Amino acid sequence: MAVPPQVSEDPVAPADLAESTDLQERARRNLWMHFSRMGSYDHEHEMPIIVKGEGCYVWDDQGNRYLDGLSALFSVNAGHGREEIGDAMAAQVRELDFVTLWSYAHPRAIELAERIAGLTPGDLNRIFFTNSGSEAVESAFKLVRSYFKATGKAQKTKVIAREIAYHGTTMGALAATGIPVLRTAFEPLMPGVSHVPNTGSYRWPEDRDPLWAADKIEERILWEGPETVAAVILEPLQNAGGCLPPQEGYFQRVREICDRHDVLLISDEVICSWGRLGEYFGCQHYGYQPDIITTAKAIAGSYIPMGAMIASDRVFEPFSKGTAMFAHGSTFAGHPVAAAAALANIDIFEREDLCGHVRQKSPEFRAALESLSDLPIVGDIRGDGFFFAIELVKDKETKESPDGEESEDLLRGFLSGELYRNGLICRADDRGDPVIQFAPPLIADTEQFEEIVGIVRPILDEAHKRLTA
Ligand SMILES: Cc1ncc(COP(=O)(O)O)c(C=O)c1O
């Protein structure tokens, strides 16, 4: 088991050159990284090897320090190097290493389920653990089908998701993912999933009704036939596309639509829970009540994989009596060591009031990023909590986006490498229009906001020159 590194004053000593060259070669030979162009790593383009983390920072094997402006992948929310999470995990291994939740319970899973139920809004009281976000989404899709079969509406099987949204990579979750480049190689996917417009309003006509995107969901339900639609899956603030916030009243309208047509609302909070938007759950930030929440990433601080599907009492009810069963599960979900890590993680959240810190500091973080708005490449700055994106444009007046080739050159040919070389890990992404995204650990403060802006400003300035040269 990996115990987090000791917090220390000492910088990481650069690894022996021979040792780090050796790691590069061994990685090139045997490691298959995810969503990575493996062919792009060669003797001139080395892969980053991260060896240590502490607070908001990580270090590579050469001793270089980076501000982790992405919390690894929107996930190390309480920061790196929390010894107490490692201690809790080690203590759990000594007490009970493993028992599966297939028919057995164990104290940490019981305590964690109770603790999470105490943090969720309304009657979201039933916690079904998973090992990842994709599995949580997959579980939610199986649950909604199974729920409607159990309640006499077996025809209700379809799911509605939003364009460009990312909901994971397993075949069901991938069907909800609305990013063509991630889907095409694996088609055909789970049938019965369709996509509606997202809330990205940067290029909307000025006279568009603010609840247009919400109403598109009802249009789709009616088109499909309400008797066939089981669920709508939405992130509170959509990540892919670049931190797309909902319009005022969006989720309240969606809730009404779902109620009108007996459609379940799944709030996919794999990123937006655990303080990212300043509340334990993103739906609390935007004031709506889902039927199911899916979560993962920061639930156990990312010190060990864990996820969960959280269902309302109403959705759980058909499975609560007699011989009824939700016929779904996996060996490791709710692992005692992961549950111990999650409990220690929640202790930290409560003791340090991380949600309160995000609420208090979010306006300052936003203002720091908005100080970049004089740059000609900065089109839009949007987001909430500790989760923001800057959309990059060729022309601010016309909002013209770089085309595919320009975007490839801008993001992969320049920005990603340049930001990293200058000590900042963040995300340069063009799954929608090109953006850079920031989601630092929730302990970040003025110093980190200034550091982000200090690194980003000259690089964006140079990026615009390249784009318009
Ligand atoms: C909203 C959302 N749902 C689901 C997933 C899938 O989670 P995982 O990568 O843990 O399978 C992600 C991952 O980033 C996500 O952002």
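In which strand does D68 lie? I opened this predicted model with that point and found D68 in strand β3, which spans residues 65-68.

**Entry 1: D68**

I then listed its contacts, leaving aside neighbours within four places in sequence. D68 is in contact with C56, Y57 and V58, with V76 and H80, and with I425, P440 and P441. I also looked up one distance: I49 is 19 residues from D68 along the chain, and the C-alpha atoms of the two are separated by 14 Å.

**Entry 2: the two domains**

I turned to the domain assignment of the protein chain, which gives domain 1 as 17-81 + 353-468 and domain 2 as 84-352. Their C-alpha centres lie 26 Å apart. How many residues does each domain bring to the contact? I noted 32 residues from domain 1 and 28 residues from domain 2. On the side of domain 1 that touches domain 2, the elements that give two or more residues are the helices α2 (71-74) and α13 (354-370), together with the strands β11 (378-384), β12 (387-392) and β15 (435-438). By class, I recorded the residues of this side as 14 nonpolar, 8 polar and 10 charged.

**Entry 3: the largest nonpolar core**

I then examined the largest nonpolar core, which has 131 residues. Those that touch the most other members are V232, V254, L264, I292 and A341. Helix α12 (residues 336-352) supplies the largest share of this core, with 9 residues. Why does the core lie between the domains? I found that domain 1 and domain 2 both give residues to this core, so it lies between them.

**Entry 4: around the ligand**

Last, I looked up the surroundings of the ligand. There are 13 residues around the ligand, and S132, G133, S134, G168 and V270 come nearest. Which helix gives the most to this shell? I found that helix α5 (residues 133-150) does, with 3 residues. I recorded the classes in the shell as 5 nonpolar, 6 polar and 2 charged residues.

Definitions and conventions. Residues are numbered from 1 along each chain as its sequence is written. This is a predicted model: local features need pLDDT of at least 70, side-chain atom pairs count only at pLDDT 80 or more; totals for chains, interfaces and linings use all residues. A residue is near a molecule or strand if its C-beta atom, placed from the backbone, lies within 6 Å of it. Helices (H or I, at least four residues) and strands (E, at least two) are DSSP runs, numbered from the N terminus. Ala, Val, Leu, Ile, Met, Phe, Trp, Tyr, Cys and Pro count as nonpolar, Asp, Glu, Lys and Arg as charged, and the others, Gly among them, as polar. Two residues are in contact if their C-beta atoms, placed from the backbone, lie within 7 Å. A nonpolar core is a set of buried Ala, Val, Leu, Ile, Met, Phe, Trp, Tyr and Cys residues joined through C-beta atoms within 7 Å. A residue is buried if 20 or more other C-beta atoms lie within 10 Å of its own, exposed if 12 or fewer, and partly exposed in between; C-beta atoms are placed from the backbone. Domain bounds come from an automatic or database domain assignment.
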